[in-house]
Amino acid sequence: MKHFTEIGAYFLMLGQVFKRPTKRSVLKELILKEVEELILNSLGIVVFISFFVGGVVSIQTALNINNPLIPDLLVGFATRQSVILEFAPTFISIIMAGKIGSFITSSIGSMRVTEQIDALEVMGINSLNYLVFPKIIALLFYPFVIGIAMFLGIFGGWIATVYGGFSSSAAFIEGVQSKFIPFHLIYAFIKSFVFAFILATVPSFKGYYMTGGALEVGKASTAAFVWTSVIIIIANYVITILLLS
Amino acid sequence: MIKVNHLNKQFGDTPILRDVSTAFERGKTNLIIGSSGSGKTVFLKCLLGLYRPDSGQILYSDKPFSKMDNNERKELRQKIGMVFQGGALFDSMTVEENVMFPLRMFTDQTEQEMIHSVNEVLSRVNLNNANKKFPSEISGGMQKRVAIARAIVNNPRYLFCDEPNSGLDPKTAMVIDNLIQEITQEYDITTIINTHDMNSVMEIGQNIVFLQYGKVAWEGNANTIFNADKQEVIDFVYSSNLFKKIREIQRSK
């Protein structure tokens, strides 16, 4: 029953987020700040993880090809498919749930604990619009992060395959180009937009409606990570059924 | 002026405010006093519209808050300044940005005009050379002064203070009390202060509402509180060792 109440509260919150907008000049500054904090500050970890996971995917694929009838280009093909379809949009989003999700929850939760949200409300400012809307807009740039993750994942796979001696560069590149379906990219970017919305709103909800003190801020951050991850996984399943099956 | 008529508020089955009726006058420092758990904070949050009362009316300049539409409420809230117990300054902003915040949100002033207003109000609260500091870099007393500056920068008609001198040393607390009283008289605003500090009561208690178990148990001012006809008020007043000692000295004379 508690979960149903929370789901209802979440959708009511979304309604409030899009009402009574903040002054345009202030909103512009807030969006730029959020782009820096949520997107630009996440690039380092995304670059690092994408490169190495792409490498590991290609090595694992190469090591599991024992049959001489299977061509070497399969390494590039499997790396591309894994990275574009699942690793970049879903795996990176789970990592972002930990990074930006807990950041959003703890920053909004701290504002709740120290009455900063009450201060906004007393001034007649729609605190949900002020705090959450800029995050949603900033995370519209999230597919750009996923695009970088895709490129670096495949690039990491190429480096690991060629310099690890598992296959030739030509075979890997041929595999990457082989049987490419452009809709898979569209599917991946549609997922990225949905995950971006989840990443902006679920942690905000957990932070905004938390009660208690500093300890509860920590608990809310953990809960935000868990719930954001769970919802991303469920959304991934539903989108895959709707778009690919 | 703010009038309150038969206000009731409960959480679950627990009544917090019971048939509270009173009035807060303009140009005076109105104090809400009472021991912890008496309903002071809930009362203040009802007045501010942060809690919705179960029944009763709150009238701002004779207009019921519950009957105001969203635009009227927004307009009213822009006339309210609030000093929170912990200051509630925005951590990510400097002192200057904090004080400038209401101007940035609700006025069309240029950057230069805003900086001028901010400097003026910061010097009014005796806080110079702290513009570029963050709240975490200044003392509790300075944070309170920044909070007061932020509350008054947009020329409010109503000023609310929730325990403005809690956690401050007696000297700084007195400075804050005097500052609030000066601002109230200078700007002719309705000031409501939530406190259980007897020094504040003595210093700036022009109108006092004593809450007990969510009810108005007594009303008066700093001159009449020592002769209150309610035993609960007397017990509250003389709950500090200092006042007990003074009473003993007076009785022995």
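This is a predicted model: local features need pLDDT of at least 70, side-chain atom pairs count only at pLDDT 80 or more; totals for chains, interfaces and linings use all residues.

1. A residue is called buried here when its relative accessible area is under 20%.

2. Helix H1 of chain B, residues 40-48, is mostly covered, with eight of its nine residues buried. The buried residues are Lys40(B), Val42(B), Phe43(B), Leu44(B), Lys45(B), Cys46(B), Leu47(B) and Leu48(B). After H1(B) comes Gly49(B), which has a positive phi, near 85°.

3. Because its relative accessibility is 12% and the cut-off for burial is under 20%, Asp118(A) counts as buried.

4. How is chain B divided into domains? The domain assignment gives domain 1 as 1-79 + 156-228 and domain 2 as 88-155. The C-alpha centres of these two domains of chain B lie 24 Å apart. To their contact, domain 1 of chain B contributes 17 residues and domain 2 of chain B contributes twelve residues.

5. Between domain 1 and domain 2 of chain B, about 1,300 Å² of area is buried, and carbon and sulfur atoms give 67% of it. On the side of domain 1 of chain B, Gln78(B), Pro156(B) and Leu179(B) supply 38% of the area buried against domain 2 of chain B, more than any other three residues.

6. Which polar links cross between the two domains of chain B? Two salt bridges are found across this interface, as are three residue pairs in polar contact. Separately, the side chains of Glu186(B) and Arg124(B) form a salt bridge, at 2.8 Å from N to O.

7. Helix H6 of chain B, residues 170-187, provides eight residues to the side of domain 1 of chain B that touches domain 2 of chain B, the largest share of that side. By class, that side of domain 1 of chain B holds nine nonpolar, four polar and four charged residues.

Definitions and conventions: Residues are numbered from 1 along each chain as its sequence is written. Chains are lettered from A and ligands numbered from 1 in the order in which they are written. Side-chain values use heavy atoms; hydrogens and water are left out. Domain bounds come from an automatic or database domain assignment. Contact means heavy atoms within 4.5 Å. Buried area is the accessible area (1.4 Å probe) that two parts lose on being put together, summed over both. A salt bridge is a side-chain nitrogen of Lys or Arg within 4 Å of a carboxyl oxygen of Asp or Glu. A polar contact is a pair of N or O atoms within 3.5 Å; within protein, one must be able to donate a hydrogen and the other to accept it, and residues adjacent in sequence count only if both atoms are side-chain atoms. Helices (H or I, at least four residues) and strands (E, at least two) are DSSP runs, numbered from the N terminus. Ala, Val, Leu, Ile, Met, Phe, Trp, Tyr, Cys and Pro count as nonpolar, Asp, Glu, Lys and Arg as charged, and the others, Gly among them, as polar. Buried means under 20% relative accessible area, exposed over 50%, partly exposed in between (1.4 Å probe, protein chains only).
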